[in-house]
Amino acid sequence: FFRVRVLVVYFGCTVQYLFPPPRPPLRTHTAPTFVSMAELSLLYDVFPNLDPSEVDQAWDRVSEGPCRLELCIRDLIEVESRKLGGKTSGDQARSAIAERTRADAYFDSKEYVKAMKCYDKAYQLNPGSVTVLLNRALLFLMLERFDVAAHTCTKAVLKARISGAKPDVIAKALARKGSSLMRLQQYDQAAAAFEASLMEEPNSETRDTLAQCLADGQRQLQAQAQAIAQAQAQLALP
């Protein structure tokens with residue numbers, strides 16, 4: 001009887017080894033990547049009138065892809081417009097202009113914190129104002145928050161296109177976005193923004209900045225190639 005039990009156990013182990021049961025599927029980690037977290041942080045800055053949970057929900061609604069950030073911004077623009085009341089009344093528009101004028105004065109006197117608060121108030125009163133967005137982007141540029149400035153310009157471009165703004169407004173937003181990306185040393189994306197700006201409206205200053213951007217990008221590539229060559233030469237040493 002003992003030998004029979006040994007044979008049964010042995011036969012069972014052999015079968016289990018040869019034909020193992022299917023393993024349960026591995027749990028995938030669905031937490032956002034570092035890049036996604038950085039982009040979400042920027043969206044919180046670009047949409048100060050929305051709760052972070054609303055930004056998170058919009059981010060989750062948009063599927064992953066190269067255009068995810070712009071699609072999310074477009075979605076959040078609609079959410080923000082509904083939350084702030086949609087169309088702006090005459091009184092609100094006048095109050096928004098007054099806040100923007102006050103913000104411009106603070107900006108000229110380099111009181112940037114006060115200027116940002118007034119721009120935020122102006123945008124709350126008139127969420128359709130592309131001018132306020134462009135001024136906020138310029139303020140972020142002055143504060144050397146180039147990433148937020150670039151995303152604010154992206155928001156301004158999308159909002160300008162939705163509202164049917166004139167080409168010169170869209171061109172200004174794209175040129176300002178290019179300047180922000182150029183300061184981030186993202187020369188390829190900056191050049192694309194400058195070229196898009198020139199397609200909207202030819203401008204000699206933008207054309208000169210594009211030439212400078214392409215030259216800086218070429219120098220960056222040369223420096224990278226030189227660094228790689230030096231590293232390879234050091235690795236080749238005995």
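Glu99 sits in helix α5, which covers residues 90-108; helices here are DSSP runs of H or I with at least four residues, numbered from the N terminus. The model is a predicted one, so local features were kept only at pLDDT of at least 70 and side-chain atom pairs only at pLDDT 80 or more, while totals for chains, interfaces and linings use all residues. Residues are numbered from 1 along each chain as its sequence is written, and side-chain values use heavy atoms, with hydrogens and water left out.

Is Glu99 buried or exposed? Its relative accessibility is 14%, so Glu99 counts as buried (buried is under 20% relative accessible area, exposed is over 50%, and partly exposed lies in between, with a 1.4 Å probe and protein chains only). The side chain of Glu99 makes a polar contact of 3.1 Å with that of Arg102. A polar contact here is a pair of N or O atoms within 3.5 Å; within protein, one must be able to donate a hydrogen and the other to accept it, and residues adjacent in sequence count only if both atoms are side-chain atoms. Leaving aside residues up to four places away in sequence, Glu99 touches Cys118, Lys121, Ala122 and Leu125, where contact means heavy atoms within 4.5 Å.

Thr152 belongs to helix α8 (residues 146-163). With a relative accessible area of 0%, Thr152 is buried too. Residues up to four places away in sequence again aside, Thr152 touches Val46, Leu133, Arg136, Ala137 and Phe140.

Ala137 turns up again where two helices meet: Val130, Leu134, Asn135, Ala137, Leu138 and Leu141 in α7 meet Val169, Lys172, Ala173, Arg176 and Ser180 in α9. Sorted by type, these residues are seven nonpolar, two polar and two charged (Ala, Val, Leu, Ile, Met, Phe, Trp, Tyr, Cys and Pro count as nonpolar, Asp, Glu, Lys and Arg as charged, and the others, Gly among them, as polar).

Now for the loops. Most residues other than glycine have a negative phi. Lys110, though not a glycine, has a positive phi of about 65°. Lys110 lies in the loop between α5 and α6 (112-125), and at 63% relative accessibility it counts as exposed. Gln185 is not a glycine either, and its phi is positive at about 65°. Gln185 is found in the loop between α9 and α10 (187-200) and, with a relative accessible area of 48%, is partly exposed.
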